[in-house]
Amino acid sequence: MRKKVLSLMSIAALALAGCNNAPSTSSDAGAASSASTDTATATTAKIANEVSGTISVRGSIQPSATAQLVINLLDVSSDAAGAAPLASKTSPAGTFPQPFQLTFNPADVKPDHLYVVKAVLTDGERHYVMPIQAPVLAKGEKNDGVSIELVAEQTEGEKVLAAFTADQKQLGAMKVTHGTKLEPNASRGWQLFRQGGEIQFIRELVDYGDKGFTSTDYAFKGGKVWAIVQQTMASSGAKPSSIDRAGWSDDGNLVLKQHQVGNDVQVLDDDAAAKLHKQAMDILSLATGGKNK
């Protein structure tokens, strides 16, 4: 009888243990569902519907009041080439640093794609661009506090002037010939510089007596005038009263146009630039005996 009682107690204990160890299907499913919901909520919160941050301009060349700022939210993934921006905003530049906000449709965001904010500032002929990308959303994992820095690019005119200045520094290594001409109202002298058999520079000095003095550097490329810097002064050796700079792109467009008086740099008008170009062709003809080469 004792053995039977023990046996029944053992069976009951095993049954109870089995109940305690059996999986709870309903509670585990609820927990999994809750975790999935939390993940989805976190992803949605991360993507939200807006990116925001601050834009600043680096360096001493600050934009004018007429500059225009364009901000785009772009998909830059390899299979999204040519896709329209998720959001875009164009406005007057204003002052910097300044905040920005772009609102978009979260449904348009693909979790495996790469998105960036791209800002471009245009101020006449000058463009300001981002040297570093600003990734956001999905792979970028950022919606706010985006920091964008814009840097001024050289204008086409500034590129011409920089190349002109670099060539000027090489004059000592070029082959040089000299010439002079006495005219009724001026005394003219020049140096013609060649490199590789081609005319690179002509430096012309003209003394107009009591009407002043000019020192002009003409740069040539492929037989064509491409840059000119003329200093006007009261007499030889005096401080320039004005400096005119003109330069042309490879396709013949006037891109460098400066008239400087003191520290004030203004735009050189087209007629003045055309006059300088004619002077360049005249001295080229004079210095080469009409051969222009």
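Val117 is in contact (heavy atoms within 4.5 Å) with Val51, Ile71, Asn72, Leu73, Phe100, Leu102, Met130, Ala134, Val136 and Ile148, leaving aside residues up to four places away in sequence. This is a predicted model, in which local features need pLDDT of at least 70, side-chain atom pairs count only at pLDDT 80 or more, and totals for chains, interfaces and linings use all residues. Residues are numbered from 1 along each chain as its sequence is written, and side-chain values use heavy atoms, without hydrogens and water.

**Nonpolar cores**
- A nonpolar core is a set of buried (under 20% relative accessible area, 1.4 Å probe, protein chains only) Ala, Val, Leu, Ile, Met, Phe, Trp, Tyr and Cys residues joined through side-chain atoms within 4.5 Å.
- The largest one has 28 residues, and Val117 is among those with the most contacts inside it, along with Ile55, Leu73, Leu121, Ile148 and Leu150.
- Its largest share, four residues, comes from β5.
- A second, separate core of 17 residues includes Val225, Leu254, Leu276 and Ala280.

**The open sheet**
- Eight strands (DSSP E runs of at least two residues) form an open antiparallel sheet in the order β9-β10-β11-β12-β13-β14-β15-β16.
- Strands β15 (residues 254–261) and β16 are joined by four bridges, and Asp264 in β16 is the bridge partner of Val261.

**Helices across the sheet**
- Helix α4 (residues 156–168) lies across strands including β11 and β15.
- Helix α5 (residues 270–287) lies across strands including β9 and β15.

Key
Pairing = 2+ DSSP bridges. Axes fitted to C-alpha atoms, helices over the stretch in contact; angles between N-to-C directions. Buried < 20%, exposed > 50% of the residue type's maximum accessible area, 1.4 Å probe, protein only.
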